[in-house]
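Please study the sequence and structure before working through each solution.

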Amino acid sequence: MATDQGLSSVYEPGRVERKWYQYWKDNNYFAPVNDYSKKPFSIVMPPPNVTGSLHLGHALDNTLQDILARWRRMQGYNTLWLPGTDHAGIATQAKVEEALLQEGLTRQQLGREKFLERVWDWKAQYGSRITEQLSFLGSSCDWTRERFTMDEGCSKAVREVFVNLYEKGLIYQGEYITNWCTKCKTAISDIEVEHEDSDGHLWHIRYPVKNSQDFIIVATTRPETMLGDTGVAVHPDDERYKHLVGQKVILPLMNREIPIFADEYVDREFGTGAVKVTPAHDPNDFDMGIRHGLEQLRVIDEIGVMNENAGEYAGLERQEARKAIVRDLQTGGYLIKVEDHRHAVGHCQRCNSIIEPMISTQWFVKMQPLAKPAIEKVVSGDIQFIPERFTRIYLNWMENIRDWCISRQLWWGHRIPVWYCDDCGEVICSKTDPTECPQCLGTDLRQDEDVLDTWFSSALWPFSTMGWPEQTDDLKYFYPTSVLVTGRDIIFFWVARMIFSGLEHTGEIPFHQVNIHGLILDGQGRKMSKSLGNGIDPIEVIEKYGADTLRFSLITGVTPGNDVRFHWEKVENTRNFANKIWNASRFVIMNLEGYEKIEINLNDYTLADRWIISRLNQRAEEVNHLLERYDLGEAAKVLYDFIWDEFCDWYIELAKPRLSPTADKSEKLIAQNVLVETLTGILRLLHPFMPFITEEIYHYLPGHNETIMLDSWPVKDDERIWQSSLDEMQQIMSVIRALRNIRAEFNVSPGAQIKTLLVVNDENYRQVFTANQAYIKQMARVNALEIVRELSQKPAQAVSALTNQAEIYVPLEGIIDIDKEIARLEKDLKGALDELARAEGKLNNQNFISRAPQEVIEKEKGKAEEARIRKEGIRQRLEILKQA
Ligand SMILES: [Zn+2]
Ligand SMILES: [Zn+2]
């Protein structure tokens, strides 16, 4: 694919990226063939919602997976990264309903069957957007194995699982309190509820004690639910109420008798320490109700209207009912006081209406028996969380797990495979659609209207996608998968459910390791959200900067499990990094005339050659080690420093004299060989992180194969790490850095040559410095370098510095105008002192300290500290110059 001409002068990601992605796909590099002679490595992609478009969270998640997949593939593992999408029940249904609304239609008007046709049409039209966007990112997933949670195979797996659990008695129907959206008219899961703080009230209501002058005051944020109260609870140790426990109160407005009981759940500090208990409309009250055998009395219906149990308030919408009830309580003398009260209110993620906790008949999975093995496998270490701290979070949840409400009152999803015979009342649960009742042979069968929670099918994802319940080759070869990479926000909803589902249905763990990553926050550390308008479209970043830049900047600074901030500076830095690699590679490629691969004697290498080869081998091991620990951000940093600093800024510079037209031919050939070896190694190490630019450059290098993707991963070669060369080079670099420092501090003009005297006591190092003095001369612009064992006389007007092996003297006479420099430094000193006085003045001002936000104060402290350091530095330099 490469041309004979060199690399273009400027790197254009847009031109390169589409080309290579197509090439990889066309050559089936992403699609592994099961080969039992090779070790498998497999990842299933957390399926994005089919309604979705790529956000930065996906981009990070998939970049991490792609790095692991490409790395393992290069290591020789037969690698499968299996992609797919989730049908996302409520999200997708809402999208299509929105579209229908444009036509003035509701789903009810259309009917279930027609509506579902519309959803499938919608999916056909828009459902591949997200997968296409994933390919722009460079994801090396096997599209030939792409799955959808509602495709035939996954649907079959869902049925199989439901029926198996049902037959084992692990699925049941029951009354349960769930989050109910009165607008979407469905139960929704906890994850679909968004809690927002809002200003409300706390109403204090007097409940008279039966046959007594006594009363009890309860405080509530939702007075309308009092109509459904079936008890009043106090803390067992609360002295104020001990004498009332076991008695009854008369519920105002309803004139019902309800018991006063004691429960540890009650918070004595909140309100009056006595709480009304409405088991049918509050999840905590529901639990208390179960503990104390209270009646569950529903007073609000599915659409948020008070029902027949609400007495004279029946038929009122819940907000209206609240007004009427508060009014009547006041009239009756039951309302003691109303306080302002800010508290979290649950809203539907889809439609933003207030969630109504409500009792309804739902399907459940019994969790205790399933949780047990899922706990054991994590405790034993068979499944490992990275970072380790998530183990505790997982175990806590699993140990306290509640039964899983799996039914949703939606149309889009896996319909519950249960049929009712209206003739004899038989309930049929079946893998295939029954045509007649097995009991009475009647054909009047009605399928349960509900569908399953979307997570029910995603819980099966690691094995349903590989063909389970059939014993397919993929399942045998690639399952259990190697690692799951996912965000910390779905450990309970997804990771935990995959673990118990895998164990229950396949008898095996679904994955060996779980690599948890954090969220991407904006530059100020806030979650990205539509309402804040602080989201960043990854596709825009790709279009402007290229996918490699997006990928690399996303993982820069990422540590396992922790959130990471997105900064545009990171993107710009990475773009510069890509350009740096491009330009360095271009330089190497343009200087390969006459190149051939040769065997080189160790003695023919220069010190810099041996150093860079040693560093390449050390860095290869470091990167590999970090990848094994899933510390991908740190691995990226190691590569960044190695490439930018050591390879580009040191080695290439040091190699330049040997590449000049006048250089010795055999020396040039050695330099060319080292450059090719190192650059090829670098590209291979960098490929998993920046797949496109590395592939493009790779094809211009001699000795390349058909793709860098399948080239081998660099492995540390101990024979090619020379410790003495590393040490020696380190000492020379220290001297060069010290000289550069002196030049900068004393304002030596960049073009000026300096004189240097090195005092080196150590015999060996004196030889090293002498043999490699060309490096010092070149890199620090030294035209006269003297290396001595002992200082006979300190040079006049000289600045000195010290490294481990050398005392350095640089006479400044004739290089800078010392008087002028003193004047300049004195001016700088004044500037620093002024700044320090200004900042300290502010910090000593009580008014400022007490009023300014903490971050402003911190910033001011930083400025003061900086000025202090600057002042000290200038003073030292002045002292040197004045002595000189
Ligand atoms: Zn809703
Ligand atoms: Zn029947």
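The protein chain contains 28 helices and 29 strands, where helices (H or I, at least four residues) and strands (E, at least two) are DSSP runs numbered from the N terminus. This is a predicted model, in which local features need pLDDT of at least 70, side-chain atom pairs count only at pLDDT 80 or more, and totals for chains, interfaces and linings use all residues. Residues are numbered from 1 along each chain as its sequence is written, and side-chain values use heavy atoms, with hydrogens and water left out.

**Exercise 1.** Determine whether Thr-220 is buried or exposed.

Solution. 
- Step 1: Thr-220 belongs to strand S8 (residues 215–220).
- Step 2: Buried means under 20% relative accessible area, exposed over 50%, and partly exposed in between (1.4 Å probe, protein chains only).
- Step 3: Thr-220 has 8% relative accessibility and therefore counts as buried.

**Exercise 2.** Locate Thr-225 and classify its accessibility.

Solution. 
- Step 1: Thr-225 occupies the loop between S8 and strand S9 (231–234).
- Step 2: Because its relative accessibility is 5%, Thr-225 counts as buried.
- Step 3: Its C-alpha atom is separated by 25 Å from that of Gln-213, 12 residues apart along the chain.

**Exercise 3.** State where Arg-129 lies and how it is classified by accessible area.

Solution. 
- Step 1: Arg-129 is placed in helix H6 (residues 129–136).
- Step 2: With a relative accessible area of 42%, Arg-129 is partly exposed.

**Exercise 4.** Describe the chain as a whole.

Solution. 
- Step 1: The C-alpha trace spans about 110 × 70 × 55 Å along its principal axes.
- Step 2: Of the 884 residues in the protein chain, 55% are buried.

Conventions
Chains are lettered from A and ligands numbered from 1 in the order in which they are written.
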